[in-house]
Amino acid sequence: MVALTNRTNELAAVCRRCNTSHTLLVNITDVADWKLGKYIQDAMPYLSADERELLISGICGPCFDVMFGG
């Protein structure tokens, strides 16, 4: 079971391909854990795969699908 987290921090991310701005609700401690080397899926399991990819590569889900197939 995944523990509920306090996702009160807004994290803005912009897709490098389409320039669409996205706002993600995260726990700032989880972001720090990820930046310090924890796998993003372990640090922020509450984010979707598309949201995690946006943070990792700067590419949003729809653009990723166009680039690499859906």
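**View 1. What covers the buried residues of helix α1.** In this predicted model, the cover over the buried residues of α1 includes β1 (9–14), β2, α2 and α3. Those buried residues are Asp30, Val31 and Trp34. They sit on the same side of α1, because their arc around the axis spans only 100°. Residues three or four places apart in an α-helix point the same way, since each turn takes 3.6 residues. Ile28 and Lys35 are exposed, on the face of α1 turned away from the buried side.

**View 2. The two ends of α1.** Asn27 caps the N-terminal end of the helix. One of its side-chain oxygens lies 2.8 Å from the backbone nitrogen of Thr29. After α1 comes Gly37, with a positive phi near 120°.

**View 3. The largest nonpolar core.** This core holds 16 residues. Val26, Trp34, Met44, Leu47 and Leu55 have the most contacts inside it. At least two core residues come from each of β2 (21–26), α1 (28–35), α2 (40–43) and α3 (49–57).

**View 4. The surroundings of Met44.** Which residues does Met44 contact, leaving aside its neighbours within four places in sequence? They are Val26, Asp30, Val31, Trp34, Arg52 and Leu55. Among them, Asp30, Val31 and Trp34 are the buried residues of α1.

**View 5. Asp50 in helix α3.** Asp50 belongs to α3. Its relative accessibility is 43%, so Asp50 counts as partly exposed; the class runs between 20% and 50%. Glu10 is 40 residues from Asp50 in sequence. In space, the two are 17 Å apart, C-alpha to C-alpha.

Conventions
Residues numbered from 1 in each chain as written. Predicted model: local features only at pLDDT ≥ 70, side-chain atom pairs only at ≥ 80, totals over all residues. Heavy atoms only, no water. Core = buried A, V, L, I, M, F, W, Y, C linked by side-chain atoms within 4.5 Å. Buried < 20%, exposed > 50% of the residue type's maximum accessible area, 1.4 Å probe, protein only. Helix = DSSP H or I, 4+ residues; strand = E, 2+ residues; numbered from the N terminus. Contact = heavy atoms within 4.5 Å. Arc of directions from axis to C-beta. Polar contact = N/O pair within 3.5 Å; in protein donor to acceptor, adjacent residues only side chain to side chain.
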